[in-house]
Amino acid sequence: MTTAVRICVCGDEGTGKSSLIALLVKDVFVANKIQSVLPQITIPPTSTPENVTTTIVDTSARPQDRTTLRKEIRKSNVILLVYSDHYSYERVALFWMPYFRSLGVNVPVVLCANKSDLTGDVNTSQVVEEEMLPVMAEFREIDSCIRTSAKEHRNVIECFYLCQKAVTHPIAPLYDHKEGQLKPACVDALKRIFYLSDKDQDGYLNDQEMHDFQAKSFEKPLMRDELDSLKLTVSKTVPSSNIEKGLDLQGFLQLNKIYAEKGRHETIWIILRKHHYTDSLSLEDSFLHPKFEVPDYASAELSPAGYRFFMDLFLTFDKDNDGGLNDRELAALFAPTPGLPSSWAEASFPSSTVRNEAGHITLQGWLAQWSMTTFLEPRTTLEYLAYLGFEAPNARDPTTAALKITKPRKRRRRPGRVERNVVLCYLLGSSGAGKSSLLDAFLNRPFDSLYHPTIKPRRAVNSVELPGGKQVYLILEELGELEPAIVENQAKLDACDLICYAYDSSDSDSFGHIVELRKKFPQLDELPAIYSALKADRDKTTQRSELQPDAYTASLNMSAPLHVSVTWNSISELFVALAEAATNPSTAFPKSEEPPPDRTSLYMALGATACAALAAFMIWRRSTNSA
């Protein structure tokens, strides 16, 4: 919102420009002007209704002062154009408005009919649009108009307040006077606000939702008579509305249109700004992208509040209660957003997570997908939390409360579990080893015997229950043709929690790829790893390698490869083993030598012997002294 207003007061000589300014500042009418142009005046924000710093600049219409006039007009963000008689009124359309346009300025203009005491008109009505309709229809820059009298102290403060409001609550972005309609950008913003306020997504704002909307937007309760008045207005202007059910979208937009038409557009701006809209009717960048830094070796996860929000969102939009979100339900859910996150679309969502038999994402898959998004790109999650309406009460950044940062896990070899609920595992292995089928099995997809080579990296995410009942989200990623480039990237390895070396136990050349990969990239030794022999349902073959897989892993003092097949029901045991190793990484590190023997018992025995000898010596010495 604008924090400073600069008013350039323009008009023909003798229209009373300086008298208006002097009366505002000194509250004294000056009949005879002492100087041609008053000096610039600055009013502090505490003295203005809109709480903005206001600068008022007086100008001269004399030809010799035209250079200064042009400069001040270009510096202003609102123009107060004053006229006082028929001649100066005619010059509004014939000279002043075309002159403003010739300068290329795009600021609102407030039209002031001064010296109303000379007309004998005692009507103190603020807005005199009937008189100004022709010129206002021709020049859309005119925001509002008012009749004043400096001599009678009439509407002078209101005049400058209109100037402030033209900047802080401009009508131009909201309403098209020519078409008599709210502008498309305003309609889009109000539609999103209606969507967020319709908590049960039944298409109507019921009484409770109206009360909640009032409290959020205006920070005051909605009185019963006010609510009834709103309903009556809607029922008259939108006869087709079912006001018994509540306020529908058409009625909501109609109410705001009425506000704009009646000069109450500040009401619309209050609603928009409480919902984080800027003067350009876009959402605030600080709201969409709050400051959120993830330290090195740490990760971002959804907090309990974040999981609760996404779970409630799923249950609200699963209208047919079939446990999945179909295309229509997903479209309704993402209506207040730019659409699916780009990373989802690139990964052919929802193929990366759990779906039901109809191909629709389940609640389990929905939470897993957001867990993966938060882990890989937390800023995307924060952005969509803002779009979808998550706001933590009394929080400096309304959306960051939905996320949490895990404890850094730089020292992976230290015994014990890492404090993570989402872990990433890279699947490394030769082409045709069965990695894609493993990802399909992870998502409970049927086995497809037709081979489809993986070109781009592909991810799958699902929840895994560890021994003891704890649930974690495991992200499996096969790297495709980018495997060498990703393995060579240290930042990518730092983000990874586990390596799963996968080979085809029925292909004699498959294991050699893993051996060569570890030789070429020794940095892989710094990551915990598990070896898996896929396609164990086929005949096992001897690998063309210096050491066979079991001997190779034994030489590293690691467990032998897990023999699994995606056609076996026991395939889930591999996923549990991967999640267990990722959360307890010290158990899955390659070791170059046998661990040192545990000499704890020897040290305890030596300590006990020393203590006994010392006690015997003290007893002997005491007995000797007594003798």
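Author: Five bridges link strand β1 (residues 4-11) with strand β4 (residues 78-83), and the two run parallel; helices (H or I, at least four residues) and strands (E, at least two) are DSSP runs, numbered from the N terminus, and two strands pair if DSSP finds at least two bridges between them. The model is predicted, so local features need pLDDT of at least 70 and side-chain atom pairs count only at pLDDT 80 or more, while totals for chains, interfaces and linings use all residues. Residues are numbered from 1 along each chain as its sequence is written, and side-chain values use heavy atoms, with hydrogens and water left out.

Reader: Which residue in β4 stands opposite I7?

Author: Strands of a sheet pair through backbone hydrogen bonds, either parallel or antiparallel. For β1 and β4, which run parallel, the residue in β4 that stands opposite I7 is V78.

Reader: What is the order of the strands in the open sheet?

Author: The sheet is open and its pairing is mixed. Its edge strands, each pairing on one side only, are β2 (41-43) and β6 (142-147), and the twist from one strand to the next averages 20 degrees, where axes are lines fitted to C-alpha atoms, for helices over the stretch in contact, and angles run from 0 to 180 degrees between N-to-C directions. The order of the six strands is β2-β3-β1-β4-β5-β6.

Reader: How many residues of β6 are buried?

Author: β6 is joined to β5 by five bridges, and these two strands run parallel, with C112 standing opposite I146 in β6. Buried means under 20% relative accessible area, exposed over 50%, and partly exposed in between (1.4 Å probe, protein chains only). β6 is largely enclosed by the rest of the structure, because the number of its residues that are buried is six of the six.

Reader: Is D497 buried or exposed?

Author: D497 sits in the loop between α19 (490-495) and β18 (498-504). Its side chain makes a polar contact of 3.1 Å with that of R409, a polar contact being a pair of N or O atoms within 3.5 Å, where within protein one must be able to donate a hydrogen and the other to accept it, and residues adjacent in sequence count only if both atoms are side-chain atoms. Because its relative accessibility is 2%, D497 counts as buried.

Reader: Which peptide bond is cis?

Author: P350 is found in the loop between α14 (342-346) and β13 (361-362). With omega at about 10 degrees, the cis peptide bond is the one that joins F349 and P350.

Reader: What is the relative accessible area of H276?

Author: H276 lies in the loop between α10 (265-274) and α11 (285-288), and its phi is near 70 degrees, a positive value in a residue other than glycine. H276 is buried, as its relative accessible area is 14%.
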